[in-house]
Amino acid sequence: MDYFQAASAAPPGWQRYSLDDVDRLPAQYLADVPSGEREAAGRGDAEAAERLRRALFWPMLYELEPELWDAISQAEPIHPGILAKLEIDGRRVLEVAAGSGRLTVYLCPRAAELVCVEPSMGLRRILASRCPSADIRAGFFHALPIVDGWADLTVCSASLQPDTDAVGELERATAPGGKLVLISPDSPDWFETRGWERLSFDPAEVAINPHDPELEAIVGPLDPPHELLWRMS
Ligand SMILES: C[S@@+](CC[C@H](N)C(=O)[O-])C[C@H]1O[C@@H](n2cnc3c(N)ncnc32)[C@H](O)[C@@H]1O
């Protein structure tokens, strides 16, 4: 999803963040912002300012309100059929974009070794409290802090976008013959047409946990992760 698509797709809660909040984001999130856009917004171009606040809604949520993302993710669990398919036992597992641990809590007790990569410091803190034995590292998709071929299983839930460089980095971190697993990436069709196996589960089968209705006012209808894609490295 490019910058303009992200701006169009922003959920209703985009208005909770200001241009000052945009300035608080790590530079990596601003890489896709077209040149001149921030300057225009700073000069008072209302349309550019709105696009920026919309397009960067999700990074601002993860970076600035990690507890809010945690509440959302705890309300919409991963489809149990996906969890049942994961082959975790005894494996070296790499979880990328681990968030506050919605998936990690299933990996942690079963993996032989577990490394989690997550850029948001606030989310890493929650993750560490939930999964104290995991090796949790700061990092982004495009430069994973992992040696080549470390993982037997590399998994990523509700985070990856169609991006050949990011997929290449997941492959680099995964051992030959290891497995790459994506749970509900953006645009699953993009991955399927590039040779990933796909299994779609019915999101209506997921029991949504009790939650504050304000969450839906912010992010729209809850959408529990229900797509499973995989391929061998
Ligand atoms: C929708 S959340 C999913 C979190 C977790 N995997 C889950 O299923 O609950 C997206 C996650 O991707 C992380 N993220 C965003 N941009 C990233 C990037 N460029 N590289 C790695 N992680 C990123 C966010 O910090 C956030 O934790």
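Which helix does Leu-61 lie in? Leu-61 lies in helix H5, residues 57-64. The views below come from a predicted model, in which local features need pLDDT of at least 70, side-chain atom pairs count only at pLDDT 80 or more, and totals for chains, interfaces and linings use all residues. Residue numbers start from 1 along each chain as its sequence is written.

**View 1. Leu-61 in helix H5.** Helices (H or I, at least four residues) and strands (E, at least two) are DSSP runs, numbered from the N terminus. Leu-61 counts as buried because it has 21 C-beta neighbours inside 10 Å. A residue is buried if 20 or more other C-beta atoms lie within 10 Å of its own, exposed if 12 or fewer, and partly exposed in between, with C-beta atoms placed from the backbone. Leaving aside neighbours within four places in sequence, Leu-61 is in contact with Leu-68 and Trp-69. Contact means that the C-beta atoms, placed from the backbone, lie within 7 Å. The C-alpha atoms of Leu-61 and Ala-173 are separated by 27 Å, at 112 residues apart along the chain.

**View 2. Helix H6 against helix H9.** The axes of H6 (residues 66-75) and H9 (residues 121-130) come within 8 Å and cross at roughly 55°. H6 is therefore oblique to H9. Axes are lines fitted to C-alpha atoms, for helices over the stretch in contact, and angles run from 0 to 180 degrees between N-to-C directions. Angles under 35 degrees count as roughly parallel, over 145 as roughly antiparallel, 65 to 115 as roughly perpendicular and the rest as oblique. The crossing of H6 and H9 is right-handed. On the H6 side, Pro-66, Trp-69 and Asp-70 meet Gly-122, Leu-123 and Ile-126 of H9. The residues of this contact divide into four nonpolar, one polar and one charged. Ala, Val, Leu, Ile, Met, Phe, Trp, Tyr, Cys and Pro count as nonpolar, Asp, Glu, Lys and Arg as charged, and the others, Gly among them, as polar.

**View 3. The ligand shell.** The ligand is surrounded by 16 residues. The closest are Tyr-62, Ala-97, Gly-99, Arg-102 and Ser-157. A residue belongs here if its C-beta atom, placed from the backbone, lies within 6 Å of the molecule. By class, the shell has nine nonpolar, five polar and two charged residues.

View 4. Most residues other than glycine have a negative phi. Ala-97 is buried, with 22 other C-beta atoms within 10 Å. Ser-184 is found in the loop between strand S5 (174-183) and helix H11 (188-192). Ser-184 is buried, with 23 other C-beta atoms within 10 Å.

**View 5. Phe-141 in the loop between S3 and S4.** The loop runs between strand S3 (135-137) and strand S4 (151-157). Phe-141 counts as buried, with 21 C-beta neighbours inside 10 Å. Not counting residues up to four places away in sequence, Phe-141 touches Val-96, Ala-166 and Glu-169. The C-alpha atoms of Phe-141 and Pro-119 are separated by 9.1 Å.

**View 6. Buried residues of helix H4.** In H4 (residues 46-55), Ala-48, Arg-51, Leu-52, Arg-53 and Ala-55 are buried. Their cover includes helix H1 (3-8), helix H2 (19-23) and helix H3 (37-42).

Methods:
Left-handed = near helix turned anticlockwise from the far one by under 90°. Contact = placed C-beta atoms within 7 Å.
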